[in-house]
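Here are my comments on the model you sent.

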Amino acid sequence: MPELPDVEALRQYLQATSLHQEIGDVEVRSDQVLEGTSGEVLKETLVGRSFASTRRHGKYLLVALDEDGDKFLLLHFGMTGGLAYFKDMAEEPEYDRVLFRFANGYHLAYQSMRKLGEVRLIDDVEVFVEKKGLGPDALDPAFDLAAFKEAVEGRRAMTKSVLMDQRTMAGIGNVYSDEIMFQAGVHPRTKINKLDEETLETLFDTMKEVLQKAVECQADADQFPESFIIPHRQEGGECPRCGTELERVQVASRHAYYCPRCQKEAG
């Protein structure tokens, strides 16, 4: 599933390709991805307007319509979603679910192979975040160490589960939680209340560093540093630090990859 770095890469892509172009038409290829709206309403709202600016909160991409910002297009990419900007319809992606046609002849396709994404219109980002119960964006500068400690205080869940809890902090999923814990040397099943002060601070610093590095790499595993576990995160994969074969363990309803030598479980 696209996580914070992936969605940030998509935000930058849309920002670079699709702003300030009049929307000439909107074609909904699958109503399954629409949430709280219809194809007719989406088209009526967007045609004649343009995408003015972008922002992101966790795994959600938000696109302001026109400069007054009284309406936002919200995009969530489910398990396999993405965007494609193109001119020639022969280049239209296979799993195009919503197609935005610009008056200049170019197109922006919202893709979702398994139709698990979400496209909706909202009036206020902060109200949406509150109603959705989302915590602060994990890369928000305001989400500092003090805010992080306050967010996890009193939690007794396993560290991986806490990092992935969108109510605690928004944006981290299965893949990047593994990377954060590997870089911090924390076993994924260690309960977060068992971490001492120093380790908790290391976890926070590592979270920021891993996410920022992934954003710099455009969430492309081929560009990640050799020290990252993500490129090796598979059956038979080896720890990039010590060469030990990675192990897979269940944490709640998810699975984590970790190095049994570098990530010892706390008592």
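1. Start with R56 and D137. Their side chains form a salt bridge, 2.4 Å from N to O. R56 sits in strand 2 (residues 51-57), while D137 is in the loop between helix 3 (125-132) and helix 4 (145-152). The two are 81 residues apart, so the under-20% cut-off for "buried" is worth checking on each side. R56 is buried at 16% relative accessibility. D137 is buried too, at 5%. Keep in mind that this is a predicted model.

2. K71 pairs with D123. The closest N and O atoms of this salt bridge are 2.6 Å apart. K71 lies in the loop between strand 3 and strand 4 (72-76), and D123 in the loop between strand 8 (118-122) and helix 3, so the bridge ties together parts 52 residues apart in sequence. K71 is partly exposed, with a relative accessible area of 22%.

3. D25 and K43 also meet in a salt bridge, at 3.2 Å from N to O. D25 belongs to strand 1 (residues 23-28) and K43 to helix 2 (residues 39-46), 18 residues apart. K43 is partly exposed at 38% relative accessibility.

4. How many salt bridges are there by this rule? The count comes to 20. Some share partners: E27, R29, E92, D96 and R101 are joined into one network.

5. Next, Y60. Is this residue buried or exposed? Its relative accessible area is 9%, so Y60 counts as buried. Y60 is in strand 3 (residues 60-65). Beyond its neighbours within four places in sequence, Y60 contacts V7, R55, L74, L75, H76, F128, K132 and L134.

6. Two backbone angles deserve a look. Most residues other than glycine have a negative phi. A219 has a positive phi of about 55° and is not a glycine. A219 lies in the loop between helix 7 and strand 9, and is buried, with a relative accessible area of 18%. A252 likewise has a positive phi of about 55° without being a glycine. A252 is in the loop between strand 9 and strand 10 (254-258).

7. Last, the surface charge. E235, E238, E245 and E247 form a negative surface patch. E238 is placed in the loop between helix 7 (197-216) and strand 9 (247-251). E238 is partly exposed, at 48% relative accessible area.

Terms used
Residues numbered from 1 in each chain as written. Predicted model: local features only at pLDDT ≥ 70, side-chain atom pairs only at ≥ 80, totals over all residues. Heavy atoms only, no water. Helix = DSSP H or I, 4+ residues; strand = E, 2+ residues; numbered from the N terminus. Buried < 20%, exposed > 50% of the residue type's maximum accessible area, 1.4 Å probe, protein only. Contact = heavy atoms within 4.5 Å. Patch = residues over 30% accessible without salt bridge, like charges linked within 9 Å, V, L, I, M, F, W, Y side chains within 5 Å. Areas by Shrake-Rupley, 256 points an atom, 1.4 Å probe, with all protein chains shown as cover. Salt bridge = Lys/Arg side-chain N within 4 Å of Asp/Glu carboxyl O. Lys, Arg positive; Asp, Glu negative; His and termini not counted. Charge placed at Lys NZ, Arg CZ, Asp CG, Glu CD.
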